[in-house]
Amino acid sequence: MPAKRPVQVSCTRKEFPVDEYQQTIRALSDRIVAAQTPIRVLDAVKWDDNIRQGFLKAKGKEPPAVDRAYYQSRPLSFDSSAVKAEFQGIERDIIRQLGQFNPVGQIMKRMCREYRMVVRMLEARGTEDFGLISQELYGAASDAFHAGDPTLADLGLMLSDYLNNIDGRGDLKDEPKNLTAKEAVEILQHRLNNVFGEAEGTIRVFESDGIVADAAAGADYIKVRADAMFNARDVRALEVHEGLVHVGTTLNGLNQPICTFLAKGPPSSTVTQEGLAILMEVIAFASYPSRLRKLTNRTRAIHMVEEGADFMQVYGFFREQGFEMAQSYSNASRVFRGSVPNGLPFTKDLSYLKGFIMVYNYIQLAVKKGKLEQIPLLFCGKTTLEDMRTLRQLVEEGLVEPPKYLPEQFRDLSALSAWMCFSNFLNHLSLDRIEADYANIL
């Protein structure tokens with residue numbers, strides 16, 4: 001019987017000869033990528049501008065006019081039953097073709113289950129099940145990081161106390177937001193061209209009217225809200241967070257010849273990727289107090305709703321934080337999108353602080369155990385912490401390519417390791433004892 005010739009499998013960058021086993025993985029991976037294409041979570045859960053206008057017209061005195069019927073009037077843009085059935089079929093084929101315990105198959109099976117859960121969450125918009133499934137996917141503010149440790153809610157309160165202590169300093173006030181969206185786009189485009197290569201035309205930065213946040217990253221682009229204003233710190237944070245991390249990991253995922261699923265991220269990867277982005281902001285000195293305040297406020301607001309608060313109470317919380325009516329509405333609506341004004345929260349915004357702590361701890365432990373080679377693999381696509389040992393194995397087998405695009409801070413493992421070595425030691429010191437001993441000198 002003649003030997004089989006290697007099959008050429010194309011990807012974004014180049015072509016690779018693969019054997020039958022690799023071809024099977026690539027085919028299953030491609031099916032996952034195709035099946036998830038119509039799912040757009042944020043588009044499905046967001047409230048349209050009519051809700052916003054109605055709330056502002058009532059001067060913030062009446063809750064938004066959102067109920068189950070509101071979502072039913074805005075059906076999903078895809079056949080949810082067909083998408084769930086497709087992921088069920090892919091999962092069965094993974095087991096048939098790769099077996100129950102194949103490492104890369106384990107990752108792909110989990111992705112199929114997560115995507116089915118995401119679809120069920122979207123089908124449940126406006127009901128209690130929406131919030132319950134959201135907690136399964138993204139976690140809850142009352143979750144502990146480890147047994148006996150503080151919760152996310154505790155972290156939010158602790159950080160708020162620290163921020164309150166420095167809030168009165170005049171030298172830490174935010175710089176004026178004197179950059180228009182157009183100017184921010186030009187600066188970001190120039191900086192990202194330097195990182196990713198202008199000749200390849202890799203990244204597009206452009207203005208958009210259709211987003212709630214100041215900016216959002218896609219596969220090969222960053223959208224900047226057309227009516228938003230920025231300062232230099234804002235642009236630097238966007239460069240690091242949206243560009244170096246979100247776009248960078250997407251491009252590294254698109255560069256995968258076999259495991260193409262790494263270009264797409266289910267909720268479990270959202271926690272890791274957002275945590276990695278916040279960590280990058282910190283170690284690149286791109287973060288600042290008001291940026292951190294935004295993240296802690298989101299965590300505190302979600303915890304308020306988990307404890308029984310409704311939209312009007314969360315809106316009032318943001319007003320007490322000094323936000324204007326329109327911004328307070330926007331902040332509160334992030335917590336309730338997909339839900340109703342007296343329902344359970346959409347907990348995706350917990351990903352930032354939760355992911356930061358988890359990724360930071362992972363890197364600390366990798367340094368402590370001398371496994372530095374695993375740290376850059378966080379960037380090889382839309383990764384999840386629980387898959388990191390498997391990803392290292394897949395790199396060694398040639399099924400996963402190491403990341404092409406790495407931020408400078410993660411290319412220089414020497415400096416990162418030195419910092420983490422000190423950090424590991426400092427974790428063993430008692431901050432309460434330090435505060436008492438330093439009382440006479442600070």
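Colleague: Why is Cys 380 called buried?

Modeller: Cys 380 has a relative accessible area of 0%, and buried means under 20%, exposed over 50% and partly exposed in between, with a 1.4 Å probe and protein chains only; therefore Cys 380 counts as buried. Please note that this is a predicted model, in which local features need pLDDT of at least 70, side-chain atom pairs count only at pLDDT 80 or more, and totals for chains, interfaces and linings use all residues. Residues are numbered from 1 along each chain as its sequence is written, and side-chain values use heavy atoms, leaving out hydrogens and water.

Colleague: How do you know that Cys 380 is too far from the closest cysteine sulfur for a bond?

Modeller: A disulfide is a covalent bond between the sulfur atoms of two cysteines. The rule here requires a pair of cysteine sulfur atoms within 2.5 Å. The closest cysteine sulfur to that of Cys 380 is in Cys 259, at 9.0 Å, so the pair is too far apart for a bond.

Colleague: What makes Cys 112 too far for a bond?

Modeller: Its closest cysteine sulfur is also in Cys 259, at 13 Å, which is too far. Cys 112 is buried, at 0% relative accessibility. By this rule the count of disulfides is zero.

Colleague: Why is Ile 434 called partly exposed?

Modeller: Ile 434, in helix H19, has 31% relative accessibility, so it counts as partly exposed.

Colleague: Why is Lys 371 called partly exposed?

Modeller: Lys 371 lies in the loop between helix H15 (351-368) and helix H16 (388-397). Its relative accessibility is 32%, and therefore Lys 371 counts as partly exposed.

Terms used:
Helix = DSSP H or I, 4+ residues; strand = E, 2+ residues; numbered from the N terminus.
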